[in-house]
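Please keep the sequence and the 3D view at hand while reading the numbered points.

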Amino acid sequence: MLNRRNFLMQLGLLGAGLTMAPQLIAAKVPQKAGFQLYNLRAILASDVPGNLAKVAAAGYSVVETFGYSKENGFWGLKPEKLKSLLQENGLTSISGHYNFNKLFIDGDLSEVDNVLEAAKILGQQYIVIPWLAKGFIKDSATMDKTIAYIAKAAAHVKKAGLKLAYHNHDFEFIPVDGKVFYEQLLEKIDPKLLDFELDVYWVVRVGQDPVKWFEKYPGRFKLLHIKDMDKENPQLNTEIGNGSIDYKRIIAHAAVGGVKQLIMEQENFKIDPFESIKRSAAYMNANLIK
């Protein structure tokens, strides 16, 4: 695993005895604004072509998919059709959230195989584990088994030419039998096999600092989920830049974390969803993205 100094040297940021402070490495992430399609859920499924056009018009260029099944594809669309719709709207897809229930039960890779073809058709680089039931990390022994299954899946995905990533909520940061699951994933699985999609909102909500995770495990967080925290009710989301999370500070350290793509996620809205996502895109494009 790279330590922080070696990581910075590979970036060409250390030399001749000169050390740059993390906040000076990058003020913005050099990527286009990303959008998790789960934000729209039923709205999206009601008119996929029309709503993808609205996502593009709102200021997003990259999307992250969800909801795929071998039987129904993406909301009734085959991967080839979805790819065509994305291209028509100037959108690309870097990653997708895919559920792997069988994997966590007994290490069955059949669901992983089912999504690999779809991900390749869309040109995705990352297959993301979006969630797992708390029962799969209920104690130390169960946690170790789950980590072994994820490592198995990660090796399988890498062999197919893609990369597996893990998306967190809050419970992965709560110690179980003295172990923090998120830390165990980072420590026990080869960085060449597993990347991470750090969900900043959940990290902050559990009382942790995303920047400290960047610094402790440099280069591991290729994808960053950003959703802001409502100032009045932390259990609710709000538009990026309108809440209590200091995203300018976090993104100033993003290069240390290895961040390649920002993906906006908002699970609930106080205003019209399309107006909301437009405001978030405007803030991201103006303040967080080169």
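Which residues are linked in a network of salt bridges? The points below take up this question and then turn to other parts of the structure, which is a predicted model.

1. The network consists of Asp199, Lys227, Glu265 and Glu267. Within it, Asp199 and Lys227 meet through their side chains in a salt bridge of 2.8 Å, N to O. Asp199 belongs to strand β8, while Lys227 sits in the loop between β9 (223-226) and β10 (228-229), so the pair ties together parts that are 28 residues apart in sequence. Both partners are buried: the relative accessible area is 0% for Asp199 and 1% for Lys227.

2. The structure holds 11 salt bridges. Another of them joins Asp195 to Lys163, with the closest N and O atoms 3.0 Å apart. Because Asp195 lies in strand β8 (residues 194-199) and Lys163 in strand β7 (residues 163-167), this pair connects parts that are 32 residues apart in sequence. Asp195 is buried at 3% relative accessibility, and Lys163 is buried at 17%.

3. Arg279 and Glu275 also form a salt bridge through their side chains (2.9 Å, N to O). These two residues are four apart in helix α13 (residues 273-287), so about one helical turn separates them. Arg279 is partly exposed, at 44% relative accessibility, and Glu275 is partly exposed as well, at 32%.

4. Strand β1 (residues 34-36) pairs with β2 in the parallel sense over three bridges, and Gly34 has Val62 as its bridge partner in β2. Four bridges join β2 to β5, again in parallel; here the partner of Glu64 is Ser95. Strand β2 (residues 62-65) is covered on both faces, with Val62 and Glu64 buried on one side and Val63 and Thr65 buried on the other.

5. Ser93 is part of strand β5 (residues 92-97) and is buried, with a relative accessible area of 3%. Its side chain makes a polar contact with the side chain of Gln124 at 2.9 Å. A polar atom of the Ser93 side chain also lies 3.3 Å from the backbone oxygen of Ser95.

6. The largest nonpolar core has 87 residues, and those touching the most other members include Tyr60, Ile127 and Leu262. Helix α7 (residues 140-159) gives the most to this core, with seven residues. A second, separate core of seven residues includes Val62, Ile94, Val128 and Leu223. Among the residues that Leu262 touches are Val29, Leu224, Ile251 and Met284.

Notes: Residues numbered from 1 in each chain as written. Predicted model: local features only at pLDDT ≥ 70, side-chain atom pairs only at ≥ 80, totals over all residues. Heavy atoms only, no water. Core = buried A, V, L, I, M, F, W, Y, C linked by side-chain atoms within 4.5 Å. Buried < 20%, exposed > 50% of the residue type's maximum accessible area, 1.4 Å probe, protein only. Contact = heavy atoms within 4.5 Å. Polar contact = N/O pair within 3.5 Å; in protein donor to acceptor, adjacent residues only side chain to side chain. Pairing = 2+ DSSP bridges. Salt bridge = Lys/Arg side-chain N within 4 Å of Asp/Glu carboxyl O. Lists of a residue's contacts leave out its neighbours within four places in sequence.
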